[in-house]
Amino acid sequence: MPEQLLLNTIDLKKVYETKGASTIALDGVDLELHAGEFTAIAGPSGSGKSTLLHLLGGLDRPTAGEVHLDGVALAGMSRDELARLRLHKVGFVFQAYNLIPVLTVLENTAFTMELQGIARNERIKRARAILAELGIEQYADQFPNRVSGGEQQRAAVARAVVAEPSIVLADEPTANLDSKTSLALIEMMRRLNEEHGATFLFATHDSRLLDRVDRLLTLVDGRVTTDEHR
Amino acid sequence: MKAAIRHLLRNRRRSILALAAVIVPVFLLVLVLAMVGGMERDMFLNTIRFETGHLQVRRESERPKGGALPLIRDSAALVDLVGATEGVEWYMVRLELPALAASPDRSVGILVQGVDPDRVKRISPIYRMIEQGRYLEAGDDGVVVGVQLLKMLGLAEGDGLILLGAHPDVGMGVARPAIVGIFNPLDPELGRVIVQVDLAVAQRLVRAPGAITSIVAQVGGVDGPWDAWKIDQVVARLAERIPDGYEVIGWAELAPEFAGFMRILRPLTYGIMVIFFLLGGFVVLNILYLSILERTRELGVIAALGATRARVMSMVLSEATIIASVGAVVGALSGAGLVGLIERLGGIPLPGLYTEMMAMMGMETVLRLRITGVEIVLSALAMIVVAVLSAWYPAFKAAKLEPVEAMRHA
């Protein structure tokens with residue numbers, strides 16, 4: 001059982017104000033996540049899964065409450081400080097892959113390392129290695145629009161893990177993939193978790209993925225209703 | 001940088017439009033600067049030839065400008081001083097006075113120039129304009145007149161021209177040199193007003209042997225108004241050494257209207273080109289802004305992955321820098337190439353209507369172009385600066401995108 005506390009929230013709230021109406025997306029979430037966990041947040045659409053992931057990754061700011069990542073409080077951080085925190089501590093995998101269209105698969109994979117200022121040779125070496133490990137080395141020099149959705153999502157996972165962040169936040173990573181491709185992707189992420197100790201937190205309602213996680217949190221109306229360790 | 005190039009290649013039509021918005025102003029600026037440079041040089045050199053020299057030494061006078069210049073009766077020491085001054089490449093003495101030119105039944109107010117025929121050829125093009133007869137020779141008792149004056153007086157080659165000089169220092173004098181040559185200048189005013197005689201004839205007209213009104217000098221290494229600082233240096237040097245009662249006058253004071261025109265020509269050109277540059281910059285701004293709008297989602301992803309605002313800005317600005325640099329270099333090189341080609345072909349012949357107008361402004365009838373490498377480089381650099389500054393707003397907008405909001409963008 002992993003012990004090192006990696007991420008925690010205290011009474012986390014997010015309220016959206018639109019045209020005078022308030023929508024409560026998160027309503028007091030207290031959460032602890034440890035290094036090496038392979039966790040999913042499940043819940044119906046609109047339950048606040050994506051919002052929670054955005055707040056945990058420093059992509060958005062809470063209305064109230066606190067987020068601590070690797071012992072660092074996100075509250076009060078400037079926009080650029082949050083960017084640097086994301087760059088070094090968080091890997092993102094999005095539902096729509098979101099690879100940069102003008103970069104090849106290899107360049108996309110190496111992109112965060114480029115932002116980190118890692119030398120070109122080193123980042124190319126590491127990017128090639130992770131692509132080989134994920135089985136898409138042959139697409140390294142292809143542009144995203146020339147490879148399938150599954151391969152794009154593998155590349156997105158490669159991009160998220162290659163710089164060895166503290167945590168990978170994946171928002172519906174299998175939603176756009178067919179069943180077979182989804183399973184392959186899930187197994188691949190599971191292997192990264194088991195072999196490299198990469199910490200994953202998913203927002204998903206894909207039952208195939210939910211079956212493979214160690215811990216399942218259920219979110220309903222912005223509240224964590226169940227927290228199941230397996 | 002690679003991504004920036006690929007972004008530009010991704011939407012080629014738009015990138016070509018942005019390139020054109022940079023190329024055209026630079027191309028035009030190089031061309032216009034070359035034309036202005038050519039005009040300045042022609043006007044500067046021709047004005048100096050017809051009128052002033054680079055500088056003149058005269059006797060100080062209380063008389064209003066435009067009247068007869070005071071006589072210098074003993075000029076030998078002064079001439080030696082001018083000749084020995086560092087930077088003076090060439091000089092001559094001249095005696096100018098207003099006079100009445102008359103035929104038996106008509107008379108016209110003119111300006112008589114008493115010159116040394118051998119030396120004056122260097123600055124006066126009149127000897128090259130001789131259409132009939134010949135130019136003056138040393139010791140000649142003749143006169144060369146413009147075809148326009150000749151027609152007004154109803155005279156012909158070989159006739160005597162009555163010159164009635166009236167100088168406030170000496171009173172009136174008369175001479176009747178024979179018309180030995182007729183010149184036909186492009187500027188009819190020149191042909192109506194100027195007559196040239198040997199210096200001795202002019203001295204006879206003022207009844208003052210050995211008298212002159214000015215020493216006209218040229219400074220070495222002057223190719224146009226951009227070299228005027230060399231003249232100013234010699235004027236200052238000479239002014240320190242000149243005896244009391246004399247003055248050294250530079251070209252700008254000798255030809256104030258011309259100097260004034262020179263002063264406004266460049267700023268006017270730059271003013272017009274600024275408008276072209278701003279238009280080019282505006283097009284670049286719009287194209288990049290459109291590009292940013294289209295790539296909102298992508299920029300959101302880049303920010304989400306950890307790019308700081310400065311980094312996002314630099315990505316957009318690097319695209320602008322590529323467009324600006326490529327466009328400016330292409331514009332500058334094509335402009336310089338066209339200028340070089342035109343010069344190789346001998347300049348741009350001006351149509352008849354403009355010929356007289358240009359001649360009146362002291363210019364040649366073939367427009368020659370002149371531009372320096374520094375001007376070409378500065379033209380390109382100016383456009384690069386304008387284009388990159390224009391990209392600042394779209395870059396700033398890109399950097400301000402909130403990652404979550406931007407990634408929701410379709």
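Before looking at any angle, I noted that axes are lines fitted to C-alpha atoms, for helices over the stretch in contact, with angles running from 0 to 180 degrees between N-to-C directions. Helices here are DSSP runs of H or I with at least four residues, strands are E runs of at least two, and numbering starts at the N terminus.

I kept in mind that this is a predicted model, where local features need pLDDT of at least 70 and side-chain atom pairs count only at pLDDT 80 or more, while totals for chains, interfaces and linings use all residues. Residues are numbered from 1 along each chain as its sequence is written, chains are lettered from A and ligands numbered from 1 in the order written, and side-chain values use heavy atoms, leaving out hydrogens and water.

**Helix pair**

I looked up helix 3 (residues 105-116) and helix 5 (residues 149-162) of chain A: their axes come within 8 Å and cross at roughly 25 degrees. Angles under 35 degrees count as roughly parallel, so helix 3 and helix 5 of chain A get that label. I then checked who touches whom (heavy atoms within 4.5 Å). Helix 3 of chain A brings V105(A), N108(A), T109(A), T112(A) and M113(A), and helix 5 of chain A brings A155(A), A158(A), R159(A) and V162(A).

**Cavities**

I noted 14 residues lining the largest cavity (an atom within 4 Å of a point). Nearest its centre lie V90(A), G91(A), T112(A), R159(A) and A160(A). Helix 2 (79-89), strand 6 (90-93), helix 3 and helix 5 of chain A each give two or more residues to that lining.

Notes. Angles under 35 degrees count as roughly parallel, over 145 as roughly antiparallel, 65 to 115 as roughly perpendicular and the rest as oblique. On a 1 Å grid over the protein atoms alone, a cavity is a set of points where a 1.4 Å probe fits but cannot get out, and a pocket is an open set with protein on both sides within 12 Å along at least five of seven lines; lining residues have an atom within 4 Å of a point.
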